[in-house]
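Visitor: I would like to go through some of the labels used for this model. Please set each value against its criterion.

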Amino acid sequence: MKRRSLPVAAALTATAVLLLTACGSGDDKSSANDKIAGAEQSTATPTKSAEPSAAAAEDNPDGVDVSLPKDINLVFDWTKPTNKNEAAAMDDAANYIRAIYHGVDKRTTKDAAVTAYSTGGGLHYAQVQINEWLKGGWTASGTLRHYDATTRSAANGNSVEVAFCTDSSKFPGKEVKTGKILTSTPSLADYDHFKIVMVKFPTGDGLWQASKVSVETEASECQ
């Protein structure tokens with residue numbers, strides 16, 4: 001599968017910045033028996049934010065604030081797997097996506113939610129994405145749908161690949177200063193396929209972190 005980066009300024013009128021940067025490599029579709037690329041080890045020591053607020057603890061079982069304004073609606077239209085670890089990894093993959101948009105909304109790449117739910121390549125990906133929003137003077141708006149999710153575990157049980165489609169046709173960017181919505185004509189560019197390798201945080205407290213992200217842009221299978 002071809003992976004590439006899109007010109008940010010042009011692409012924002014059609015899709016969200018989160019979908020623009022294709023991290024990772026490889027052109028083959030993985031089978032269930034394939035080894036998960038990047039799953040056996042992280043490229044950095046896992047990190048976790050400390051001392052979350054009491055309010056944040058009420059919003060999220062991990063005590064991390066991933067709340068978003070009312071005009072940013074992230075929909076996760078998927079069914080949890082029966083496997084406990086895969087279900088937990090899927091939950092925190094969703095929290096990772098929320099954390100990125102929380103950072104966009106708060107206008108910082110150093111948001112506590114981002115450092116809680118990512119490490120290594122996943123942390124780098126999140127920070128690059130948030131920074132593109134900040135440099136452009138944009139924030140998000142509308143509804144971003146995530147669907148057709150699948151999971152598969154590495155043999156060691158400490159990592160899970162969470163794959164899913166996204167539809168950003170109703171999720172335009174918005175200029176922070178003017179409030180102008182950056183709309184465009186719906187197209188294949190609105191559909192992308194993500195693979196996120198989630199690794200178990202070593203303390204054993206049930207937290208999973210995104211360690212690697214790969215994106216197939218203009219994914220026809222997601223239409």
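Guide: Rings of Phe, Tyr and Trp, the last by its six-membered ring, pair if their centres lie within 6.5 Å. In this predicted model, ring pairs link Phe 76, Trp 78, Phe 164 and Phe 194 into a cluster.

Visitor: How many aromatic pairs does a search of the whole structure find?

Guide: The search finds five. One of them joins Trp 78 and Phe 164, at 5.3 Å centre to centre with 65 degrees between the planes.

Visitor: What makes the pair of Trp 78 and Phe 164 edge-to-face?

Guide: Planes over 60 degrees apart count as edge-to-face, and the angle here is 65 degrees.

Visitor: Why are Trp 78 and Phe 164 called buried?

Guide: Buried means under 20% relative accessible area. Trp 78 has 17%, so the term applies, and Phe 164, at 0%, is buried as well.

Visitor: Why is the pair of Tyr 101 and Phe 171 called edge-to-face?

Guide: The centres of these rings are 5.3 Å apart and their planes stand at 90 degrees; the angle is over 60 degrees, so the pair is edge-to-face. Tyr 101 lies in helix H3 and Phe 171 in the loop between E4 and strand E5 (173–175), so the pair ties together parts 70 residues apart in sequence. Tyr 101 is buried at 0%, and Phe 171 is buried at 0%.

Visitor: How do you know that Asp 167 has no salt bridge?

Guide: A salt bridge needs a side-chain nitrogen of Lys or Arg within 4 Å of a carboxyl oxygen of Asp or Glu. For the buried Asp 167, the nearest side chain of opposite charge is Arg 145, 4.8 Å away. Asp 167, in strand E4 (residues 159–170), does have a polar contact of 2.7 Å with the side chain of Ser 169.

Visitor: What does the charged end of Arg 145 sit over?

Guide: It sits over the ring of Tyr 147, 4.1 Å from the ring centre. Arg 145 and Tyr 147 are among the residues that Asp 167 touches.

Visitor: Why does Ser 141 count as buried?

Guide: Its relative accessible area is 7%, under the 20% limit, so Ser 141 is buried. Ser 141 is in the loop between strand E2 (138–140) and strand E3 (142–153). A polar atom of the Ser 141 side chain lies 3.0 Å from the backbone oxygen of Pro 172.

Notes: Residues numbered from 1 in each chain as written. Predicted model: local features only at pLDDT ≥ 70, side-chain atom pairs only at ≥ 80, totals over all residues. Heavy atoms only, no water. Helix = DSSP H or I, 4+ residues; strand = E, 2+ residues; numbered from the N terminus. Buried < 20%, exposed > 50% of the residue type's maximum accessible area, 1.4 Å probe, protein only. Lys, Arg positive; Asp, Glu negative; His and termini not counted. Polar contact = N/O pair within 3.5 Å; in protein donor to acceptor, adjacent residues only side chain to side chain. Contact = heavy atoms within 4.5 Å. Phe/Tyr/Trp six-rings, centres within 6.5 Å; stacked < 30°, edge-to-face > 60°. Lys NZ or Arg CZ within 6 Å of the ring centre and 35° of its normal. Lists of a residue's contacts leave out its neighbours within four places in sequence.
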